[in-house]
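Here is a short report on a protein with its ligands. Keep the sequence and the 3D view side by side as you read.

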Amino acid sequence: MDQAAGQVGEFIPEDGGRPFFHRRAAALLIPLRGRGTRVPAMADETVKHKICLLGSFAVGKTSLVSRFVSSLFSEAYLTTVGVKVDKKVIDLSGGPRVTLLIWDVHGEDLVQTLQTAYLRGAAGYLLVADGTRATTLAVVRDIQRRVNAALGPRPFQLLVNKADLRDAWEVTEADLQSLRDEGWTVTETSARDGTGVDEAFYELAARVVAPDGIPPAGGR
Ligand SMILES: Nc1nc2c(ncn2[C@@H]2O[C@H](COP(=O)(O)OP(=O)(O)OP(=O)(O)O)[C@@H](O)[C@H]2O)c(=O)[nH]1
Ligand SMILES: [Mg+2]
């Protein structure tokens, strides 16, 4: 993973969490500032935010990341072992340039234990369900409860994936409406044809960088 400094005087911890101030770098910069010297720009000045993709196995987490980061899709199913970290720099309209560190965590079901170590430092997360399997919706509900307990409130949203197979969906509109009624933001996506994918990542990123740090209603 790229651990280059995000902003001058900041250090990005290994787990991709929020940057903290690096005293040694600050000490080097203060004399320069005192003489009115321009502080040289560093190569990568974006703010970095870690987000996680969480959900049952085979719902399409890896495929969604691949669609978002590389505009690619594969029919092949290669289960993720552990975690895979990708990076994408995005420009939020009217907002800052942001580097998303995207943690694609292996799938899990109700009987497994969520690896909370993967969550450390996450600024927000995407829950992923598979519209063709209603059980995957129960899984994300359970994951959300556990992430909330582990991390505290963070912006999140639900992606109900495989929208290109809409005719074969077990998940009903009523299921999704009841989640919306609870304040969840729900987006139907297809990693296969790209439906909703960019929108979902950009919307989460916008919430993560919300100026007051408080996501709009529905983001918790
Ligand atoms: N039709 C369709 N198939 C999809 C879509 N997204 C993923 N798939 C397929 O679903 C299977 C699983 O996709 P993955 O992206 O590997 O799923 P995952 O959630 O990362 O799985 P784990 O790593 O095991 O947790 C693959 O065969 C993909 O091609 C989609 O939007 N539509
Ligand atoms: Mg995967």
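## Helix H5

Start with helix H5, residues 197–208. Its twelve residues should span 16 Å at 1.5 Å a residue, and its end C-alpha atoms are 17 Å apart, which agrees. The expected span is 1.5 Å times one less than the number of residues. Helices (H or I, at least four residues) and strands (E, at least two) are DSSP runs, numbered from the N terminus.

Which residues of H5 are buried? They are Val 197, Ala 200, Phe 201, Leu 204, Ala 205, Arg 207 and Val 208. Seen down the axis of H5, these buried residues fall within an arc of 165°, so they line one face of the helix. The arc is that of the directions from the helix axis to the C-beta atoms. Buried means under 20% relative accessible area, exposed over 50%, and partly exposed in between (1.4 Å probe, protein chains only).

## How to read the model

This is a predicted model: local features need pLDDT of at least 70, side-chain atom pairs count only at pLDDT 80 or more, and totals for chains, interfaces and linings use all residues. Residues are numbered from 1 along each chain as its sequence is written, chains are lettered from A and ligands numbered from 1 in the order in which they are written, and side-chain values use heavy atoms, with hydrogens and water left out.

## The whole chain

The protein chain has five helices and eight strands. From the N terminus on, the order is β-β-α-β-α-β-β-β-α-β-α-β-α. The chain holds 220 residues, and buried residues make up 43% of them.

Val 128 sits in strand S6, residues 122–130. Val 128 is buried, with a relative accessible area of 0%. Val 128 and Leu 53 are 75 residues apart in sequence, yet their C-alpha atoms are 6.9 Å apart in space.

## Around ligand 1

How many residues surround ligand 1? There are 23, and the closest are Ser 63, Ser 74, Tyr 77, Thr 79 and Asp 164. A residue counts as near if one of its heavy atoms lies within 4 Å.

Now look at the polar contacts (pairs of N or O atoms within 3.5 Å; within protein, one must be able to donate a hydrogen and the other to accept it, and residues adjacent in sequence count only if both atoms are side-chain atoms). A backbone N or O atom of Ala 58 lies 2.9 Å from an oxygen atom of ligand 1. Polar backbone atoms of Thr 80 and Gly 107 each lie 2.8 Å from an oxygen atom of the ligand. Taken alone, ligand 1 exposes 650 Å², and the protein buries 93% of that. Accessible areas come from the Shrake-Rupley method with a 1.4 Å probe; for residues, only the protein chains shown count as cover.

## The magnesium ion

Ligand 2 is a magnesium ion, and its protein donors are Thr 62 (OG1) and Thr 80 (OG1), lying 2.0 to 2.1 Å from it. Thr 62 lies in helix H2 (residues 61–70) and Thr 80 in the loop between H2 and strand S4 (83–91), so the pair ties together parts 18 residues apart in sequence. Donors are N, O and S atoms within 2.8 Å of the metal (3.2 Å for Na, K and Ca); water is not among the atoms, so sites may look incomplete.

Thr 62 is partly exposed at 32% relative accessibility. Thr 80 is buried at 18%.

## Two positive phi angles

Most residues other than glycine have a negative phi. Ala 58 has a positive phi, near 65°. Ala 58 is in the loop between strand S3 (47–55) and H2. Lys 162 also has a positive phi, near 75°. Its place is the loop between strand S7 (156–161) and helix H4 (173–181).
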